[in-house]
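Please examine the following protein chain together with its three-dimensional fold.

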Amino acid sequence: MSQYFELDGRTLWNPSNGAARLFLRQVAVFEAELELPSGIGPMEADESLIDPVAFRMFAAALLAQHRRTSHGVMIALSEGFVATVVVLAERAHLEIDWKSVDLAMGNGRTDVQVPSPSTPVSDEVWAAALQDRSRELSRFMTY
């Protein structure tokens, strides 16, 4: 058995039951963290419908939060989920404005790692690394 994440009648991802279940649990965690609905509906009859307007806002807020932190553990815990959301957003043809992601949801860094990394990562390097990770992950996300 497998599950379907769909938007406007198009399948964006068809993962196994276990991967879908884990992803949806992570969706709930990040909805609570961001205090924002994801637009990813519940799994009913093996389908989860995605609301493009809410999902676009959720993806933008998620990327902004991910960019604001320099905490190594938080980055490690969220990177796979963020990359998965980027893949789904791209498959949904929802434009990601990488230049406006940096600090889009507020000013300054949050959840700073102590001691902090010696060299801050530039916006371009950060975006390129996340785009590379999402492209790599996309190869394993059948649809």
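Predicted model: local features only at pLDDT ≥ 70, side-chain atom pairs only at ≥ 80, totals over all residues.

Just after helix H3, His93 adopts a positive phi of about 60°.

Helix H3 itself covers residues 72-91. At 1.5 Å a residue, its 20 residues should span 28 Å, and because the end C-alpha atoms are 28 Å apart, expectation and model agree. Within H3 there is a bend of about 45° at Ser78. Ser78 is also among the buried residues of this helix, which include Phe81, Val82, Leu88 and Arg91.

We turn now to charged side chains. The count of salt bridges comes to three. In one of them, the side chains of Asp123 and Arg67 meet at 2.7 Å, N to O. This pair links distant parts of the chain, since Asp123 belongs to helix H5 (residues 123-138) and Arg67 to helix H2 (residues 52-68), 56 residues apart. Arg67 has a relative accessible area of 5% and is therefore buried, whereas Asp123, at 31% relative accessibility, counts as partly exposed.

Helix H5 also holds the pair Asp132 and Arg135, which lie three residues apart, about one turn of the helix. Their closest N and O atoms are 2.6 Å apart in a salt bridge. Asp132 is partly exposed at 44% relative accessibility, and Arg135 is partly exposed at 49%.

Glu136 and Arg133 likewise both lie in H5, three residues apart. Their side chains form a salt bridge of 3.4 Å, N to O. Relative accessibility is 40% for Glu136, which therefore counts as partly exposed; Arg133, at 26%, also counts as partly exposed.

Technical notes
Residues numbered from 1 in each chain as written. Heavy atoms only, no water. Helix = DSSP H or I, 4+ residues; strand = E, 2+ residues; numbered from the N terminus. Expected span 1.5 Å × (residues − 1). Bend = angle between axes of the 7 residues up to and from the residue. Buried < 20%, exposed > 50% of the residue type's maximum accessible area, 1.4 Å probe, protein only. Salt bridge = Lys/Arg side-chain N within 4 Å of Asp/Glu carboxyl O.
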